[in-house]
Amino acid sequence: MTTESLEARIERHFAAGAAAVGDAAAMDAFLELRAALEAGTLRSAEPDATAPIGWRVNAWVKRGILLGFRIGKLVEVNGGGLSLIDKHTYPARTFTPEQGIRVVAGGSSVRAGAYVAAGVVCVPPMYINTGAYVDEGTMVDSHALVGSCAQIGKRVHLSAAAQIGGVLEPVNATPVIIEDDVLVGGNTGVYEGTIVRKRAVLAAGTILTRGTPVYDVVNNKILKATAEMPLIIPEGAVVVPGSRAVTSGHGKEMGLSVYTPVIVKYRDEKTDLSTTLEDILR
Ligand SMILES: CC(C)(COP(=O)(O)OP(=O)(O)OC[C@H]1O[C@@H](n2cnc3c(N)ncnc32)[C@H](O)[C@@H]1OP(=O)(O)O)[C@@H](O)C(=O)NCCC(=O)NCCS
(Lines give C-alpha, C1' and ligand atoms only; values in the text may rest on other atoms or scores of the structure.)
Protein backbone atom coordinates (compact mmCIF):
# COMPACT_ATOMS: atom_id res chain seq x y z
CA MET A 1 0.00 0.00 0.00
CA THR A 2 1.55 3.35 -0.98
CA THR A 3 1.41 6.49 1.11
CA GLU A 4 -0.71 8.15 -1.58
CA SER A 5 -3.41 5.52 -1.46
CA LEU A 6 -3.48 5.63 2.34
CA GLU A 7 -3.78 9.42 2.07
CA ALA A 8 -6.70 9.09 -0.36
CA ARG A 9 -8.46 6.59 1.90
CA ILE A 10 -8.00 8.75 4.98
CA GLU A 11 -9.31 11.82 3.13
CA ARG A 12 -12.37 9.88 1.91
CA HIS A 13 -13.25 8.51 5.33
CA PHE A 14 -12.62 11.85 7.01
CA ALA A 15 -14.90 13.57 4.49
CA ALA A 16 -17.59 10.95 5.18
CA GLY A 17 -18.17 12.51 8.62
CA ALA A 18 -20.41 10.48 10.93
CA ALA A 19 -20.84 7.82 8.21
CA ALA A 20 -17.28 6.63 8.97
CA VAL A 21 -18.36 5.45 12.45
CA GLY A 22 -18.68 1.66 12.32
CA ASP A 23 -17.19 1.49 8.80
CA ALA A 24 -14.56 -1.30 8.83
CA ALA A 25 -12.69 0.26 5.91
CA ALA A 26 -12.33 3.53 7.83
CA MET A 27 -10.98 1.60 10.83
CA ASP A 28 -8.49 -0.27 8.58
CA ALA A 29 -7.21 2.99 7.11
CA PHE A 30 -6.89 4.56 10.57
CA LEU A 31 -5.05 1.54 12.02
CA GLU A 32 -2.63 1.60 9.07
CA LEU A 33 -1.99 5.30 9.67
CA ARG A 34 -1.56 4.73 13.42
CA ALA A 35 0.96 1.92 12.81
CA ALA A 36 2.92 4.13 10.39
CA LEU A 37 2.95 6.98 12.96
CA GLU A 38 4.22 4.59 15.63
CA ALA A 39 6.92 3.28 13.27
CA GLY A 40 7.95 6.86 12.49
CA THR A 41 7.43 6.34 8.75
CA LEU A 42 4.67 8.95 8.64
CA ARG A 43 4.70 12.22 10.57
CA SER A 44 2.18 14.97 11.20
CA ALA A 45 4.92 17.47 10.35
CA GLU A 46 8.38 16.95 8.89
CA PRO A 47 11.48 18.94 7.94
CA ASP A 48 11.22 20.48 4.45
CA ALA A 49 14.05 22.72 3.32
CA THR A 50 11.82 24.28 0.62
CA ALA A 51 9.20 25.52 3.11
CA PRO A 52 9.54 29.08 4.55
CA ILE A 53 9.75 27.79 8.13
CA GLY A 54 11.82 24.71 7.23
CA TRP A 55 8.95 22.37 8.16
CA ARG A 56 5.92 21.03 6.28
CA VAL A 57 2.64 20.11 7.98
CA ASN A 58 0.98 16.95 6.68
CA ALA A 59 -2.62 18.05 7.19
CA TRP A 60 -4.00 14.76 5.90
CA VAL A 61 -2.13 12.88 8.64
CA LYS A 62 -3.71 15.16 11.23
CA ARG A 63 -7.11 14.52 9.63
CA GLY A 64 -6.37 10.78 9.99
CA ILE A 65 -5.66 11.28 13.70
CA LEU A 66 -8.95 13.17 14.07
CA LEU A 67 -10.68 10.32 12.21
CA GLY A 68 -9.39 7.96 14.92
CA PHE A 69 -11.13 10.04 17.60
CA ARG A 70 -14.35 10.17 15.55
CA ILE A 71 -14.56 6.41 14.98
CA GLY A 72 -13.30 5.40 18.45
CA LYS A 73 -15.83 4.21 21.03
CA LEU A 74 -15.63 4.32 24.81
CA VAL A 75 -14.35 1.06 26.37
CA GLU A 76 -12.86 0.04 29.68
CA VAL A 77 -9.07 0.38 29.59
CA ASN A 78 -6.97 -1.87 31.82
CA GLY A 79 -4.48 -0.06 34.02
CA GLY A 80 -1.48 -2.02 32.78
CA GLY A 81 -1.19 -4.38 35.77
CA LEU A 82 0.24 -1.80 38.20
CA SER A 83 0.31 -2.76 41.89
CA LEU A 84 -1.38 0.07 43.80
CA ILE A 85 -1.80 0.34 47.57
CA ASP A 86 -3.77 3.01 49.43
CA LYS A 87 -6.12 3.51 52.45
CA HIS A 88 -9.12 1.27 51.86
CA THR A 89 -11.47 4.11 52.74
CA TYR A 90 -10.36 6.03 49.66
CA PRO A 91 -10.16 3.63 46.72
CA ALA A 92 -9.85 5.07 43.24
CA ARG A 93 -13.26 5.71 41.76
CA THR A 94 -14.25 3.49 38.88
CA PHE A 95 -16.39 4.38 35.91
CA THR A 96 -18.26 2.58 33.19
CA PRO A 97 -18.42 3.54 29.52
CA GLU A 98 -22.14 4.34 30.00
CA GLN A 99 -21.25 7.29 32.27
CA GLY A 100 -19.67 8.97 29.27
CA ILE A 101 -16.56 10.09 31.18
CA ARG A 102 -13.21 9.47 29.53
CA VAL A 103 -10.34 8.63 31.86
CA VAL A 104 -7.26 8.47 29.64
CA ALA A 105 -4.56 5.98 30.72
CA GLY A 106 -2.20 7.90 32.97
CA GLY A 107 0.84 7.85 35.19
CA SER A 108 3.37 7.63 32.41
CA SER A 109 1.70 6.91 29.16
CA VAL A 110 2.54 7.03 25.50
CA ARG A 111 -0.61 7.14 23.46
CA ALA A 112 -1.13 5.06 20.33
CA GLY A 113 -0.13 6.99 17.23
CA ALA A 114 2.96 8.53 18.84
CA TYR A 115 6.49 7.74 17.61
CA VAL A 116 9.18 7.28 20.24
CA ALA A 117 12.70 6.52 18.96
CA ALA A 118 15.26 4.20 20.52
CA GLY A 119 17.22 5.72 23.36
CA VAL A 120 14.41 7.99 24.57
CA VAL A 121 14.18 8.10 28.37
CA CYS A 122 10.71 8.58 29.89
CA VAL A 123 10.62 9.44 33.62
CA PRO A 124 7.26 9.11 35.39
CA PRO A 125 4.83 10.70 35.35
CA MET A 126 4.95 11.92 31.77
CA TYR A 127 2.69 11.80 28.78
CA ILE A 128 3.26 11.68 25.05
CA ASN A 129 0.10 12.27 23.07
CA THR A 130 -0.93 10.90 19.69
CA GLY A 131 0.77 12.14 16.53
CA ALA A 132 3.82 13.31 18.48
CA TYR A 133 7.32 12.40 17.24
CA VAL A 134 10.13 12.08 19.79
CA ASP A 135 13.53 11.44 18.27
CA GLU A 136 16.60 9.51 19.46
CA GLY A 137 18.25 10.14 22.79
CA THR A 138 15.66 12.59 24.09
CA MET A 139 14.84 12.80 27.79
CA VAL A 140 11.20 13.30 28.81
CA ASP A 141 11.44 14.09 32.51
CA SER A 142 8.81 13.90 35.28
CA HIS A 143 5.55 15.77 34.67
CA ALA A 144 6.62 16.66 31.14
CA LEU A 145 3.94 16.70 28.47
CA VAL A 146 4.49 16.22 24.75
CA GLY A 147 1.23 17.39 23.19
CA SER A 148 -0.48 15.90 20.16
CA CYS A 149 1.56 16.17 16.94
CA ALA A 150 4.47 17.98 18.66
CA GLN A 151 7.81 17.23 16.98
CA ILE A 152 10.78 16.75 19.31
CA GLY A 153 14.27 16.36 17.84
CA LYS A 154 17.29 14.30 18.81
CA ARG A 155 18.99 14.61 22.24
CA VAL A 156 16.43 17.17 23.47
CA HIS A 157 16.10 17.50 27.25
CA LEU A 158 12.49 18.13 28.26
CA SER A 159 13.04 18.97 31.93
CA ALA A 160 10.64 18.36 34.77
CA ALA A 161 7.17 19.81 34.16
CA ALA A 162 8.03 21.13 30.68
CA GLN A 163 4.78 21.51 28.76
CA ILE A 164 4.97 21.15 25.00
CA GLY A 165 1.55 22.11 23.67
CA GLY A 166 -0.34 20.05 21.15
CA VAL A 167 -1.69 21.42 17.90
CA LEU A 168 -4.05 18.94 16.28
CA GLU A 169 -6.53 21.50 14.99
CA PRO A 170 -6.71 23.42 12.76
CA VAL A 171 -5.09 20.67 10.73
CA ASN A 172 -3.01 23.10 8.66
CA ALA A 173 -1.48 24.63 11.77
CA THR A 174 2.17 23.88 12.46
CA PRO A 175 2.59 21.88 15.65
CA VAL A 176 5.11 22.90 18.27
CA ILE A 177 8.56 21.92 16.97
CA ILE A 178 11.62 21.51 19.18
CA GLU A 179 14.70 20.84 17.04
CA ASP A 180 17.81 18.77 17.90
CA ASP A 181 19.89 19.38 21.03
CA VAL A 182 17.53 21.91 22.64
CA LEU A 183 17.38 22.18 26.42
CA VAL A 184 13.86 22.92 27.61
CA GLY A 185 14.21 23.91 31.26
CA GLY A 186 11.93 22.98 34.12
CA ASN A 187 8.41 24.44 34.19
CA THR A 188 8.66 25.87 30.72
CA GLY A 189 5.72 26.02 28.35
CA VAL A 190 5.96 26.07 24.55
CA TYR A 191 2.62 26.50 22.84
CA GLU A 192 0.73 27.42 19.67
CA GLY A 193 3.05 26.18 16.95
CA THR A 194 6.20 27.83 18.26
CA ILE A 195 9.42 26.54 16.66
CA VAL A 196 12.57 26.27 18.76
CA ARG A 197 15.62 25.92 16.52
CA LYS A 198 18.60 23.63 17.17
CA ARG A 199 20.70 23.96 20.32
CA ALA A 200 18.53 26.71 21.81
CA VAL A 201 18.18 26.81 25.59
CA LEU A 202 14.92 27.76 27.31
CA ALA A 203 15.70 28.60 30.93
CA ALA A 204 13.43 27.29 33.65
CA GLY A 205 10.08 29.04 33.73
CA THR A 206 10.10 30.44 30.19
CA ILE A 207 6.70 30.53 28.47
CA LEU A 208 6.39 30.94 24.70
CA THR A 209 3.12 31.45 22.80
CA ARG A 210 2.05 33.08 19.54
CA GLY A 211 1.21 36.25 21.42
CA THR A 212 4.44 36.53 23.41
CA PRO A 213 7.04 38.91 21.92
CA VAL A 214 10.58 37.73 22.61
CA TYR A 215 13.21 40.42 23.18
CA ASP A 216 16.56 39.56 21.61
CA VAL A 217 18.87 41.94 23.45
CA VAL A 218 21.92 40.53 21.66
CA ASN A 219 20.70 41.52 18.19
CA ASN A 220 18.41 44.33 19.36
CA LYS A 221 15.35 42.71 17.78
CA ILE A 222 11.85 41.76 18.91
CA LEU A 223 10.73 38.35 17.64
CA LYS A 224 7.00 37.80 17.17
CA ALA A 225 4.63 35.44 15.44
CA THR A 226 2.80 36.88 12.40
CA ALA A 227 -0.34 35.76 10.59
CA GLU A 228 1.83 33.61 8.31
CA MET A 229 4.69 32.60 10.58
CA PRO A 230 4.82 31.09 14.05
CA LEU A 231 7.12 32.41 16.76
CA ILE A 232 10.60 31.10 15.94
CA ILE A 233 13.38 30.97 18.52
CA PRO A 234 16.70 31.16 16.64
CA GLU A 235 19.38 28.47 16.72
CA GLY A 236 21.48 28.54 19.88
CA ALA A 237 19.46 31.32 21.56
CA VAL A 238 19.44 31.30 25.37
CA VAL A 239 16.00 32.50 26.47
CA VAL A 240 15.26 33.44 30.08
CA PRO A 241 12.05 34.67 31.72
CA GLY A 242 12.13 38.44 32.14
CA SER A 243 9.80 41.39 32.53
CA ARG A 244 9.29 44.74 30.82
CA ALA A 245 7.63 47.94 31.92
CA VAL A 246 4.12 48.70 30.65
CA THR A 247 4.62 51.89 28.64
CA SER A 248 1.09 53.27 28.29
CA GLY A 249 -2.28 53.75 29.99
CA HIS A 250 -3.18 52.75 33.52
CA GLY A 251 -0.56 50.01 33.50
CA LYS A 252 2.15 52.66 33.13
CA GLU A 253 0.55 54.92 35.77
CA MET A 254 0.44 52.02 38.20
CA GLY A 255 4.04 51.10 37.48
CA LEU A 256 3.18 47.60 36.23
CA SER A 257 5.41 45.33 34.27
CA VAL A 258 4.55 42.19 32.28
CA TYR A 259 6.30 38.92 31.71
CA THR A 260 8.50 38.71 28.65
CA PRO A 261 11.02 36.13 27.47
CA VAL A 262 14.44 37.61 26.77
CA ILE A 263 17.28 36.22 24.62
CA VAL A 264 20.19 37.18 26.87
CA LYS A 265 22.92 35.48 24.84
CA TYR A 266 23.63 32.86 22.24
CA ARG A 267 24.94 29.53 23.36
CA ASP A 268 28.59 29.60 24.41
CA GLU A 269 30.98 27.33 26.30
CA LYS A 270 29.45 28.30 29.64
CA THR A 271 25.99 27.32 28.42
CA ASP A 272 27.39 24.04 27.16
CA LEU A 273 28.83 23.46 30.61
CA SER A 274 25.51 24.28 32.34
CA THR A 275 23.59 21.95 30.06
CA THR A 276 26.19 19.18 30.21
CA LEU A 277 25.81 19.14 33.97
CA GLU A 278 22.10 18.57 33.39
CA ASP A 279 22.96 15.66 31.09
CA ILE A 280 24.79 13.90 33.90
CA LEU A 281 21.44 13.56 35.66
CA ARG A 282 20.21 11.21 32.93
C1 LIG B 1 19.80 29.13 30.96
C2 LIG B 1 20.77 28.32 31.80
C3 LIG B 1 21.10 27.01 31.11
C4 LIG B 1 22.03 29.13 32.03
O5 LIG B 1 22.75 29.31 30.84
P6 LIG B 1 24.17 30.04 30.85
O7 LIG B 1 24.63 30.14 29.43
O8 LIG B 1 25.06 29.35 31.82
O9 LIG B 1 23.75 31.48 31.38
P10 LIG B 1 24.66 32.55 32.15
O11 LIG B 1 24.86 32.11 33.55
O12 LIG B 1 25.86 32.89 31.33
O13 LIG B 1 23.66 33.79 32.21
C14 LIG B 1 23.52 34.75 31.18
C15 LIG B 1 22.62 35.85 31.70
O16 LIG B 1 21.29 35.34 31.86
C17 LIG B 1 20.85 35.42 33.21
N18 LIG B 1 20.16 34.17 33.53
C19 LIG B 1 20.65 32.93 33.45
N20 LIG B 1 19.71 32.04 33.76
C21 LIG B 1 18.61 32.74 34.06
C22 LIG B 1 17.32 32.37 34.47
N23 LIG B 1 16.97 31.10 34.63
N24 LIG B 1 16.42 33.37 34.69
C25 LIG B 1 16.74 34.66 34.52
N26 LIG B 1 17.97 35.07 34.15
C27 LIG B 1 18.89 34.12 33.92
C28 LIG B 1 22.12 35.58 34.03
O29 LIG B 1 21.89 36.26 35.21
C30 LIG B 1 23.01 36.33 33.08
O31 LIG B 1 22.66 37.69 33.10
P32 LIG B 1 23.80 38.80 33.46
O33 LIG B 1 24.85 38.61 32.40
O34 LIG B 1 23.05 40.08 33.38
O35 LIG B 1 24.27 38.43 34.82
C36 LIG B 1 20.16 28.03 33.21
O37 LIG B 1 19.84 29.25 33.88
C38 LIG B 1 18.90 27.20 33.19
O39 LIG B 1 17.80 27.72 33.19
N40 LIG B 1 19.08 25.85 33.16
C41 LIG B 1 17.97 24.93 33.12
C42 LIG B 1 17.69 24.46 34.54
C43 LIG B 1 16.61 23.44 34.51
O44 LIG B 1 15.48 23.73 34.19
N45 LIG B 1 16.96 22.22 34.83
C46 LIG B 1 15.99 21.18 34.75
C47 LIG B 1 16.42 19.97 35.50
S48 LIG B 1 15.09 18.80 35.52
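Reader: Hi! What relative accessibility does glycine 242 have?
Author: Happy to start there: this is a predicted model, in which local features need pLDDT of at least 70, side-chain atom pairs count only at pLDDT 80 or more, and totals for chains, interfaces and linings use all residues. Residues are numbered from 1 along each chain as its sequence is written, and side-chain values use heavy atoms, leaving out hydrogens and water. Buried means under 20% relative accessible area, exposed over 50%, and partly exposed in between (1.4 Å probe, protein chains only). Glycine 242 counts as partly exposed, because its relative accessibility is 21%.

Reader: Which strand holds glycine 242?
Author: Helices (H or I, at least four residues) and strands (E, at least two) are DSSP runs, numbered from the N terminus. By that numbering, the place of glycine 242 is in strand β22.

Reader: On to the ligand: how far from one of its oxygen atoms is the polar side-chain atom of threonine 271?
Author: A polar contact is a pair of N or O atoms within 3.5 Å; within protein, one must be able to donate a hydrogen and the other to accept it, and residues adjacent in sequence count only if both atoms are side-chain atoms. Lysine 265 has a polar side-chain atom 2.7 Å from a ligand oxygen, while alanine 204 uses a backbone N or O atom at 3.2 Å. For the polar side-chain atom of threonine 271, the distance to a ligand oxygen is 2.6 Å.

Reader: What percentage of the ligand's exposed area does the protein bury?
Author: Accessible areas come from the Shrake-Rupley method with a 1.4 Å probe; for residues, only the protein chains shown count as cover. The ligand taken alone exposes 920 Å², and the share buried by the protein is 58%.

Reader: Which element gives the largest share of the shell around the ligand?
Author: The ligand is surrounded by 18 residues, where near means having a heavy atom within 4 Å. Elements giving two or more residues to this shell are β22 (237-245), β23 (257-266) and α5 (269-280). The largest share, four residues, comes from α5.

Reader: Which residue caps the N-terminal end of α2?
Author: At the other end, α2 is followed by glycine 40, whose phi is positive, near 80 degrees. The N-terminal cap places a side-chain oxygen 2.9 Å from the backbone nitrogen of alanine 25, and the residue supplying this oxygen is aspartate 23.

Reader: How many of the 13 residues of α3 are buried?
Author: Among the buried residues of α3 are Trp60, Lys62 and Arg63. Helix α3 is largely enclosed by the rest of the structure, because the number of its 13 residues that are buried is eleven.

Reader: Where is proline 170, which a cis peptide bond joins to glutamate 169?
Author: The bond between glutamate 169 and proline 170 has an omega of about -10 degrees. Proline 170 is found in the loop between β12 (163-164) and β13 (177-178).

Reader: Last one: what is the relative accessible area of asparagine 220?
Author: Asparagine 220 has a positive phi of about 55 degrees although it is not a glycine. Its place is in the loop between β19 (214-216) and β20 (221-223). Asparagine 220 is exposed, with a relative accessible area of 73%.
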